[in-house]
Amino acid sequence: MDVGGPAGVVAVMALALVAALLGACDRKGNAGAASKSGGRVVVYTSVDRIFAEPVLQAAGKELGMEVVGVYDTEETKSTGLVNRLIARKDNPDGDLFWSGDPMRAALLKSAGVTAAYTPKGAEAIPAAFKDPEAHWTGFSARLRVLLVNTSLVEPGEEPRSILELTEPQWKDRVAIANPLFGTTSFHVAALFEALGDDRARAWLAGLRANGVRVVSSNGEVKRQVAAGTVAAGLTDSDDALEAIKDGQPVRIAETWKASPADPASLGGGELVIPNTVSLIRGSPNPEGAKRVADFLLSPPALRMLAESCGQSPLGGEKITGSIDLGGMKRMPVDYAAIAARLEHLMPELKAWAEGK
């Protein structure tokens, strides 16, 4: 190569510096200019890496491309990823957002971060689990469940509703994850939507007065129930099923089999939280992103999620290891309304989490 004198030397040095910087970015596992090659898809995901990464690796193998996951910590799950995607919406470094709940997908839609796309297989998904403008599609779901310690709670003694957790017999015996993050924030916002502000605030105040333990994550709720530190805890079905699979002394209180009149109780309507997939507007590799989105709705991906973490398919399939959603009464949910409500609730929930 003819560098053409001093100016050419400077140009070569500049190119080398750019290449080094791009290489460093790639080594950190972040999305960089390499995403624009057409052979790489970057997926932001709030799903636990232990469960999401094998699915993304399978997608890469099946589709013949590099599929890279960008993850967040369990404690700040979704929140950090959403903020980063919003900050970069005019210069995105990711192609897909795989969320553990549809609320973050609704937030990103409202912020102008996502684009419309209907993945293959979406026709089998109930309308309740899809954005009407196709900015997100649900494909595999968790439930919010009440996990109890089998040594501390006899069969038949479980609360029939989460509203009962404020009663005297559960004083100092219940754990909940920090409601500022993850599916717990989704759950609390859904309760405000279903109960109304006054009743939801009264429930939160009742939990505090009853000595509820506020812990870092749903996984920590599971650990405290299994250890007998508390008798019961609100967590996600994947965490609960993992503990049962590991032989921990826990069981899920099947509150959906009870029939309390209150529609906001677990028995009156189960809160189903679907995973969602969204295309990022203006992404480096939109065509590759669509192929990965299609894969996430495919039977192989649904089987992997059912077998690894007990997630339930939304398209009518029944897969061993997951909770069958067929015939289960669901809590009515407007995901966009919950997303908007949570944005206004955050200062209040922060104060509650800090015991103020």
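Contact means heavy atoms within 4.5 Å of each other. The model is predicted: local features need pLDDT of at least 70, side-chain atom pairs count only at pLDDT 80 or more, and totals for chains, interfaces and linings use all residues. Residues are numbered from 1 along each chain as its sequence is written, and side-chain values use heavy atoms, without hydrogens and water.

**Exercise 1. The whole protein**

Find what share of contacts between residues at least 6 apart in sequence joins residues at least 24 apart.

Solution. Step one: the share is 75%. Step two: turn to burial, where buried means under 20% relative accessible area, exposed over 50% and partly exposed in between (1.4 Å probe, protein chains only). Of the 356 residues, 53% are buried. Step three: take the surface. The protein exposes about 15300 Å², by the Shrake-Rupley method with a 1.4 Å probe. Carbon and sulfur atoms supply 55% of that area.

**Exercise 2. Strand β1**

State how the side chains of β1 are arranged and which strands pair with β1.

Solution. Helices (H or I, at least four residues) and strands (E, at least two) are DSSP runs, numbered from the N terminus. The protein has 11 helices and 11 strands. Step two: sort the side chains of β1 (residues 40-45). R40, V42 and Y44 point one way; V41, V43 and T45 point the other way. In a regular strand, side chains alternate between the two faces of the sheet. Step three: check burial. 6 of the 6 residues of β1 are buried, so the strand is largely enclosed by the rest of the structure. Step four: find the partners. Two strands pair if DSSP finds at least two bridges between them. β1 pairs in the parallel sense with β2 (residues 66-70) over 5 bridges and with β3 over 3 bridges. Y44 stands opposite V70 in β2 and opposite F97 in β3.

**Exercise 3. Strand β3**

Trace F97 to its partner in β10.

Solution. Step two: cross to β10 (residues 272-280), which runs antiparallel to β3 and is joined to it by 4 bridges. Step three: the bridge partner of F97 there is S278.

**Exercise 4. Two helices**

Which residues of α4 and α5 meet?

Solution. Step one: P102, M103 and R104 in α4 meet G182, T183, S185 and F186 in α5. Step two: α4 (residues 102-110) and α5 (residues 182-195) pack at an angle of about 80°, with axes 9 Å apart.

Conventions
Axes are lines fitted to C-alpha atoms, for helices over the stretch in contact, and angles run from 0 to 180 degrees between N-to-C directions.
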